[in-house]
Number of protein chains: 2
Amino acid sequence: MSEILRQQIEKITPLTDKEFEYILSHFTRKKIKKHQYLLQEGEAVQNDYFVTKGLLKAYYVNQDGKEHIMQFAMEDWWITDYQAYFNETNATLNIDCIEASEVLCLSLRNREKLCADMHKIEHFFRKKSNAGYVALQRRILSLLNSNAKERYEQLLQQYPLLFQRVPKTLIASYLGVSRETLSRLSS
Amino acid sequence: MSEILRQQIEKITPLTDKEFEYILSHFTRKKIKKHQYLLQEGEAVQNDYFVTKGLLKAYYVNQDGKEHIMQFAMEDWWITDYQAYFNETNATLNIDCIEASEVLCLSLRNREKLCADMHKIEHFFRKKSNAGYVALQRRILSLLNSNAKERYEQLLQQYPLLFQRVPKTLIASYLGVSRETLSRLSS
């Protein structure tokens, strides 16, 4: 299962078997059942999670109990409460499993150690972070500029595989539109 | 003027005079007058810009001619069309000066060269990118969850100095609210 992590890193920088073994030794494995929590609001955030199997969502619950989805993650994606992870504060987000999942867990301490030990891993994480930054800017522009129909179509085009696996209610919550609006658009 | 770049890097990693001189040799300087463009939609994106003086905005103009502000940047901030810069495509954003500005320009080639030459600069840019990622996630949550009044108050609290320098019309465009709504909130 860890082979997809190696493939992701090697899209950015080549690795020897020994290097990958060393990198992998900084991760731990975790299995989570469907609907089980990986992280709950208020807890310390121990890890960033690389998904090797399954589908998860990170979301904020507001004072009225309404869910706003920050991100989804399926195989080959990373997920955590990044604000809390990087700043070592408690989580404001929740993460749970839409499908039974398996993840590789990387603590902040191990991430920093790997980056200090191996310049090429610092390079890998910088490149991933840059790509993530650009994806979030696109989402902001979509929230500012597009109507519900356009946002839905952009998501469908950008992440066709994700779309097939995520229930409509959750897509609506990610897009910031009502379930009714989305049903009208997708019917 | 370049001293504030050194200060920013040294918040993350210490530098010798010689190292900073080497880093700075990868930047060029540019002065831009008030209302002048630093970047226009459709152009190739040559640089990331570190602001040493002044105030700029990066914005998208939609098909109806409406402006959506992606970001502001004042002294000690970075600004460009990151999607186009990192992917070496043409700009979809415009950048112009709210106040007369001076910037240090870093091409993607020089950025990658610096990061490859100096592990500590790769570290610096990774840390900056992580912080930027977290800031964008906060903005997304604010767009999904908060009403106009809350967004305005969050901005005021997060960036009090910026707020004093940016006209209300532009703040409204950044927050995705109408000028009228903002006037009602800030009066």
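The model is predicted, with local features requiring pLDDT of at least 70 and side-chain atom pairs pLDDT 80 or more, while totals for chains, interfaces and linings use all residues. Residues are numbered from 1 along each chain as its sequence is written, chains are lettered from A in the order in which they are written, and side-chain values use heavy atoms, without hydrogens and water.

Select residues 30-116 of chain A, the span that an unreviewed UniProt entry annotates as "domain: Cyclic nucleotide-binding"; such annotations may be inferred rather than shown by experiment. Its end C-alpha atoms lie 25 Å apart, and the span is 17% helix and 52% strand (DSSP runs: helices H or I of at least four residues, strands E of at least two, numbered from the N terminus).

Next, display both chains. Here 37 residues of chain B are in contact (heavy atoms within 4.5 Å) with 37 residues of chain A. The two chains bury about 3800 Å² between them, 64% of it on carbon and sulfur atoms; this is accessible area (1.4 Å probe) lost on being put together, summed over both parts. Within chain B, select Arg126(B), Tyr133(B) and Leu144(B), which lose the most area to chain A, together 18% of what that side buries.

Then select Glu112(A) and Lys127(B): their closest N and O atoms are 3.2 Å apart, in a salt bridge (a Lys or Arg side-chain nitrogen within 4 Å of an Asp or Glu carboxyl oxygen). Six salt bridges cross this interface by that rule.

Finally, select helix 5 (119-145) of chain B, which supplies 20 residues, the largest share of the side touching chain A.
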